[in-house]
Amino acid sequence: MSAQGNLSGKTAVIVGASSGINLGVAKHLGELGARVAILSRTKAKIEQAAAELQGSGVEAIGLVADVRNADQLQTAFQSIHSQFGEFDILVSGAAGNFFADAKNISPNGFKTIVDIDLIGTFNVLRMGFDYMRRPGGSMINITAPQGKRAMPKQAHVCAAKAGIDMLTKCLALEWGAEGIRVNAVSPGPIEDTEGFARLATNSDLREQIEGALALPRLGQRVDIGRAVEWISSDQASFVTGTILDCDGGMVLGNLYSPD
Ligand code: COA
Ligand code: NAP
């Protein structure tokens, strides 16, 4: 039986949600009563994640799709639509990252990140477009501070996430008249996630990143769940094309402590 809450009767589709932040978002929306469909590339992982959600009382299904393959997304979205109806919320959050100097990244390494993050985001929103509730459908891209700030060993991710930020604005502009809002949420460093582990490759770096935040603590998955909850809700019905920084102030660019 699904949880009761202010999202009862709504359908939320979360792409890249077999683990980490996006699974946390799925859990949060599901606990508020949404029917939740989660997708990722790896069958065993997505099935386990769906079982985890079901085990906590969320009405959930898990489907396999690689965001680099528009046909797989189309097939999965068709199946979700026939089971759960129109999508009220579509979250695009699949991503890849590694920590490497640009001079050590091959053309295929750079392309791989752009393919998953940026082109994958376009594919998700483009293939999801036909299935959104109109009016009232809300699309949310999961971006990162790298979209606004240059960071060492992150040229590939910075380029891809900056592309996602601009895509968010362009699609918001085009699809507002269709009754669809398009926004992004930009997490800062989130505790116990693959993305943060790949960025903070040693404890010194982890402390430096945390210490430079205006709010000096690591974020939790639920912080991002709440940001997605708000921006997809009617409370934000006049908000579109926005990048909502939910990052403890990481994007403010603190360089030193005045002490
Ligand atoms: N440094 C430099 N290049 C790297 C690299 C690293 N640490 N890791 C991978 N690459 C390069 C590979 O060498 C390859 O390029 P090549 O063919 O020229 O050798 C290219 O990236 C693709 O690697 P491959 O492993 O074939 O890609 P994949 O599609 O199977 O996996 C990744 C994509 C590399 C991003 C993989 O880490 C992944 O699936 N990540 C998902 C989880 C994740 O990153 N979570 C954090 C989200 S923020
Ligand atoms: P994660 O647990 O590794 O999540 C990445 C998800 O994307 C997984 O579910 C993975 O599932 C899926 N995925 C990867 N490639 C895919 C593909 N080609 N097709 C479909 N699904 C794919 O990492 P995370 O740290 O939680 O990151 C989640 C999001 O938050 C990302 O967009 C990331 O950029 C953003 N972010 C994270 C942080 C942080 O501190 N962690 C900070 C800022 C932004 P499979 O392996 O099953 O495919």
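The model is predicted, so to speak of local features a pLDDT of at least 70 is needed, side-chain atom pairs count only at pLDDT 80 or more, and totals for chains, interfaces and linings use all residues. Residues are numbered from 1 along each chain as its sequence is written, chains are lettered from A and ligands numbered from 1 in the order in which they are written, and side-chain values use heavy atoms, with hydrogens and water left out.

**Ligand 2**

- Around ligand 2 there are 31 residues, and Ser18, Ser19, Ser40, Arg41 and Thr193 come nearest; a residue is near if one of its heavy atoms lies within 4 Å of the molecule or strand in question.
- A nitrogen atom of ligand 2 lies 3.4 Å from a backbone N or O atom of phenylalanine 196.
- On its own, ligand 2 has 890 Å² of accessible area, and the protein covers 91% of it (Shrake-Rupley method with a 1.4 Å probe; for residues, only the protein chains shown count as cover).
- Helices α1 (20-31) and α6 (194-199) are the elements that give two or more residues to this ligand 2 shell; helices (H or I, at least four residues) and strands (E, at least two) are DSSP runs, numbered from the N terminus.
- The ligand 2 shell divides into 13 nonpolar, twelve polar and six charged residues, where Ala, Val, Leu, Ile, Met, Phe, Trp, Tyr, Cys and Pro count as nonpolar, Asp, Glu, Lys and Arg as charged, and the others, Gly among them, as polar.

**Ligand 1**

- Ligand 1 is surrounded by 17 residues, and the closest are Arg68, Asn97, Ser106, Asn108 and Arg198.
- A polar side-chain atom of serine 106 is 2.5 Å from an oxygen atom of ligand 1, while a side-chain N or O atom of arginine 198 is 2.7 Å from an oxygen atom of ligand 1.
- The protein buries 56% of the 950 Å² that ligand 1 exposes when taken alone.
- With five residues, α4 gives the most to the shell around ligand 1.
- This ligand 1 shell has five nonpolar, eight polar and four charged residues.

**Aromatic pairs**

- The count is four aromatic pairs (rings of Phe, Tyr and Trp, its six-membered ring, with centres within 6.5 Å; planes under 30 degrees apart count as stacked, over 60 as edge-to-face and the rest as tilted).
- Phenylalanine 77 and phenylalanine 87 form an edge-to-face pair, 5.6 Å centre to centre with 80° between the planes.
- Phenylalanine 77 lies in helix α3 (residues 70-84) and phenylalanine 87 in the loop between α3 and β4 (89-92), so this pair ties together parts ten residues apart in sequence.

**Backbone spots**

- Arginine 134 and proline 135 are joined by a cis peptide bond, with omega about -5°.
- Proline 135 sits in the loop between α4 and β5 (137-142).
- Lysine 153, a residue other than glycine, has a positive phi near 60°.

Note on methods. A polar contact is a pair of N or O atoms within 3.5 Å; within protein, one must be able to donate a hydrogen and the other to accept it, and residues adjacent in sequence count only if both atoms are side-chain atoms.
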